[in-house]
Amino acid sequence: MTDTGDVSDSASNFRLVERMLPYSSSIFGVTGARAVELNAINLGQGFPDTDGPQLLKDLACKAIQDGSGNQYPPAHGMPALREAIAEHQERFYGLEVDPGTGVVVTTGASEALTAAFLGLLNPGDEVIIFEPFFDLYPAGIALAGAKHISVPLRIVDGGGWHEAATKSRRGFRLDLEALEKAVTPRTKMILVNSPHNPTGMVFTRTELESIAQVATKNNLIVLSDEAYEHLVFAPAKHIPIATLPGMFERTITVGSGGKCFSFTGWKVGWATGPAQLINAVRVARQHMSYVSGGPFQEAIAEGLRLPDSYFAELVASFKAGHDQLAAGLMEHGFEVFQTDGTYFITTDTGPGHENDRTFCDRLLNENGVATIPNSALVDHEDLFPNYVRWAFCKQPEVIDEALSRLPK
């Protein structure tokens, strides 16, 4: 008879690996769960509460009903979607991408990012990310056994896309000196997120050129998260870093069907770029979800071919939500930072400037409004002690109700 007396003691040692301990929970998951529990208005998580185009829903339903989307799609994505993604890159940015070798369809932009980390980073490699950051970035880098190096964005008066404005609000901008100092012999990659989550800033051409120079000088890969590419407010303009001279061959560009068409639950994303880099993403990704989103892929392909008017209306609708929430927050005494795009506004914590985590906890538990403390998305909490991310991708009546709940 086998002695199993030590099994329970041995099993007690089966714990989460040390490198993932800092990422055992996500501020978005914790906040979202608490918002549901309290029946709170969730201005923390970035998902719209209005569906995207009916045409796309009809196509997805048709793919389910006629069976064309119910089995495994091709490993790297349906040809129709890969072709539509390549057409999209050329139509909007003049980028020529080979749909056969330069495109991979993923389970949301998140999988594209994680697959890039796993496919291109060795243990001990370093990845530069800009702070505040989306919390998936350091977790995904840690999965690959690599290390993230955060470069804080500068908080400045005006500047960027709003230099000409006489009374521009404060905003976030690139700190080139800090970026240059962050590069070491172990640096392998720079992760660029523009339009930027959580701050809502969009890098200018000058800033992107500076990043490109650093990447070229040090022979670095650039991973460009452009999930919010179609949610940019004038005068800002989205400029893919891959369009800059000499950058396409070293850049992986990540996009999101969920963000483009307000179907975040469909989880259809993609990565584009030169064949060698995309192959690395493909190799890692095929051992993750393998494939997903069969019924939705053809619908997203059709969405990418929608006329310019759709994308203009998309921006206008979210800009209206931004303006509504920003005005209401300023009336309540919050400093609202300049927003160039995305779903998000950054503010201070209002009169008194208390710690952002304390403020967000109190706002959720006492007032029933969920928000995200920026200090949960940084390494240098002393630089971002009292800033909050609010999502404005909600219906006008929901924003009004949230504002009515704020402490006077």
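Trainee: How many cavities of 30 Å³ or more does the count come to here?

Mentor: A cavity is a space where a 1.4 Å probe fits but cannot get out, and in this predicted model the count comes to three cavities of 30 Å³ or more.

Trainee: Which residues line the largest cavity, and how do they divide by class?

Mentor: Its lining is made by Gly-158, Gly-159, His-162, Arg-169, Gly-171, Phe-172, Arg-173, Met-201, Gln-338 and Asp-340. By class, these lining residues divide into two nonpolar, five polar and three charged, with Gly counted among the polar ones.

Trainee: And what lines the second largest cavity?

Mentor: There are 14 residues in that lining, and the closest to the centre of the cavity are Val-105, Arg-285, Val-291, Ser-292 and Gln-297. Strand S2 (residues 103–107) gives the most to this lining, with three residues, and the classes come to five nonpolar, seven polar and two charged residues.

Trainee: Arg-285 also belongs to a helix; which residues of helix H10 are buried?

Mentor: The general idea is that an α-helix has 3.6 residues a turn, so residues three or four places apart point the same way. In helix H10 (residues 275–285), the buried residues are Leu-277, Ile-278, Ala-280, Val-281, Arg-282, Ala-284 and Arg-285. These buried residues pack against helix H4 (79–93), S2, helix H5 (108–120), S8, strand S9 (251–256) and strand S10 (268–272).

Trainee: How many of the eight residues of helix H6 are buried, and what do they pack against?

Mentor: Helix H6 (residues 136–143) is mostly covered, with seven of its eight residues buried, namely Leu-136, Tyr-137, Pro-138, Ala-139, Gly-140, Ile-141 and Ala-142. The partners against which the buried residues of H6 pack are H5, strand S3 (126–131), strand S4 (147–152), strand S7 (187–193) and S8. Just after H6, Gly-145 takes a positive phi of about 75°.

Trainee: Turning to the rings, how many aromatic pairs does a search of the whole structure find?

Mentor: The search finds 22 aromatic pairs. One of them joins Phe-92 and Tyr-93 in a tilted arrangement, 6.2 Å centre to centre and with 45° between the planes. Phe-92 counts as partly exposed because its relative accessibility is 26%, whereas Tyr-93, at 17% relative accessibility, counts as buried. Both residues belong to one aromatic cluster, which is formed by Phe-92, Tyr-93, Phe-261, Tyr-310 and Phe-311.

Trainee: Which charged ends sit over the rings of Phe-344 and Phe-47?

Mentor: To read such a contact, look at how far the charged end lies from the ring centre, and whether it sits over the ring. The charged end of Arg-389 sits over the ring of Phe-344, 3.6 Å from its centre, and the charged end of Lys-394 sits over the ring of Phe-47, 3.7 Å from its centre.

Key:
Residues numbered from 1 in each chain as written. Predicted model: local features only at pLDDT ≥ 70, side-chain atom pairs only at ≥ 80, totals over all residues. Heavy atoms only, no water. Phe/Tyr/Trp six-rings, centres within 6.5 Å; stacked < 30°, edge-to-face > 60°. Buried < 20%, exposed > 50% of the residue type's maximum accessible area, 1.4 Å probe, protein only. Lys NZ or Arg CZ within 6 Å of the ring centre and 35° of its normal. 1 Å grid on protein atoms, 1.4 Å probe; cavity = no way out; pocket = protein on both sides within 12 Å on 5 of 7 lines; lining within 4 Å. Points joined across faces, edges and corners; volume = space filled by probe spheres on them. Helix = DSSP H or I, 4+ residues; strand = E, 2+ residues; numbered from the N terminus. Contact = heavy atoms within 4.5 Å.
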